Amino acid sequence: MSRGRMVLVLVLLGAGAFGLSLLTWVGAEAVTTLGPQPVRVSGAGAAPVVPSAALVVVVAGLAVGLSGPVVRILAPAAAALAAVVALIAGLVLIADPDPAARSAAGEVGGVREITGAAELTVWPWVVVVLLASTVLVALVLPFRAGTWAPAAARYERAVVRPEGAGPAGTRASGAATGQATSRADWDALSSGLDPSATDDDAHSGHSGHDEPGERGAGRDASGRER
């Protein structure tokens, strides 16, 4: 079974036990001064440990799905332990529901007395089945979890570089070069030079300024020869 299904089963078992613990588990008639009064006891009232253990199972299931290999062993162990404790409490209630009924009767009429025997609904039995299933799933889960990949590895993706795109370092170097060129252009404009002129233009311009001097030097030389 896959990770998702195992986690879902464990969470649903815990959530189911918690939800059913809020329903009526025990019914009886309390003795009051006005005559017998019906009392109803929920699973949380008759066995308070059951909803608490169910929440532990839910949290353990979520932890198994989001954690590493160590927690995959510790979380099912915690879920199994909580389910065993709740299972014992449920079986004790099923064996003798009268104490829970008398406690509720004392809150209603002030006297911890009931007429007849307390009656159980079907929900304690259903919760006992859910808790027993929880123990089995929690015991099997660590052996199944050994074949699962780490949770983070499922979301890792290979980095694909677009065609023609260079490395990040090359792009950063090109950006730095462009910034340096822009500064040089501004410096040239501040000095009265044309930043768009190429090196050849600069050399040709320099040669053009030198030609009159060279021609003058040639005439002087020719004049001296004459």
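The following legends describe several close-up views of one predicted protein model.

Residues are numbered from 1 along each chain as its sequence is written, and side-chain values use heavy atoms, with hydrogens and water left out. Because the model is predicted, local features need pLDDT of at least 70 and side-chain atom pairs count only at pLDDT 80 or more, while totals for chains, interfaces and linings use all residues.

**Figure 1. The elements of the protein.** The protein has eight helices and three strands. Helices (H or I, at least four residues) and strands (E, at least two residues) are DSSP runs, numbered from the N terminus. From that terminus on, the order of elements is α-β-β-α-α-α-α-β-α-α-α. Of the 226 residues in the protein, 30% are buried; buried means under 20% relative accessible area, exposed means over 50%, and partly exposed lies in between (1.4 Å probe, protein chains only). The accessible surface comes to about 14,200 Å², and 63% of this surface belongs to carbon and sulfur atoms. Accessible areas come from the Shrake-Rupley method with a 1.4 Å probe, and for residues only the protein chains shown count as cover. Among contacts with a separation of 6 or more, 69% are between residues 24 or more positions apart; a contact means heavy atoms within 4.5 Å.

**Figure 2. The open sheet.** Three strands make up an open sheet in the order E2-E1-E3, with antiparallel pairing. Strand E2 (37–42) and strand E3 (119–120) stand at the edges with a single partner strand each, so one side of each has no neighbour in the sheet. Two strands pair if DSSP finds at least two bridges between them. Strands of a sheet pair through backbone hydrogen bonds, either parallel or antiparallel. Six bridges join E1 to E2, and two bridges join strand E1 (residues 24–30) to E3. Val 26 has Leu 120 in E3 as its bridge partner.

**Figure 3. The hairpin of E1 and E2.** E1 and E2 form a hairpin, and six residues lie between them. Gly 35, in the turn, has a positive phi of about 105 degrees. Ala 30 has Gln 37 in E2 as its bridge partner, and Thr 24 stands opposite Ser 42 in E2. E1 is mostly covered, with five of its seven residues buried. Helix H5 (residues 98–109) lies across E1 and E2 and runs at about 125 degrees to E2. Axes are lines fitted to C-alpha atoms, for helices over the stretch in contact, and angles run from 0 to 180 degrees between N-to-C directions.

**Figure 4. Ser 21 in its loop.** Ser 21 has its place in the loop between H1 and E1. At 0% relative accessibility, this serine counts as buried. Leaving aside residues up to four places away in sequence, Ser 21 touches Ser 42, Gly 43, Ala 44, Val 50 and Pro 51.

**Figure 5. Helix H3 and its buried residues.** Helix H3 (residues 49–66) has 18 residues and reaches 26 Å from its first C-alpha to its last, close to the 26 Å expected at 1.5 Å a residue. The expected span is 1.5 Å times one less than the number of residues. The buried residues of H3 include Val 50, Pro 51, Ala 60, Gly 61, Val 64 and Gly 65.

Figure 6. Val 7 is found in helix H1 and is buried, with a relative accessible area of 13%. Not counting residues up to four places away in sequence, Val 7 touches Gly 61, Val 64 and Gly 65. Val 7 and Ala 60 are 53 residues apart in sequence, and their C-alpha atoms are 8.9 Å apart in space. Met 6 is also found in helix H1 and counts as buried, at 6% relative accessibility. The C-alpha atoms of Met 6 and Leu 141 are separated by 7.3 Å, although these residues are 135 residues apart along the chain.

**Figure 7. The largest nonpolar core.** A nonpolar core is a set of buried Ala, Val, Leu, Ile, Met, Phe, Trp, Tyr and Cys residues joined through side-chain atoms within 4.5 Å. The largest such core has 45 residues, of which Trp 25, Val 26, Val 127 and Leu 131 touch the most other members. Helix H1 (3–20), E1, E2, H3, helix H4 (71–95), H5 and helix H6 (123–145) each supply at least two residues of this core. H4 gives the largest share, nine residues.
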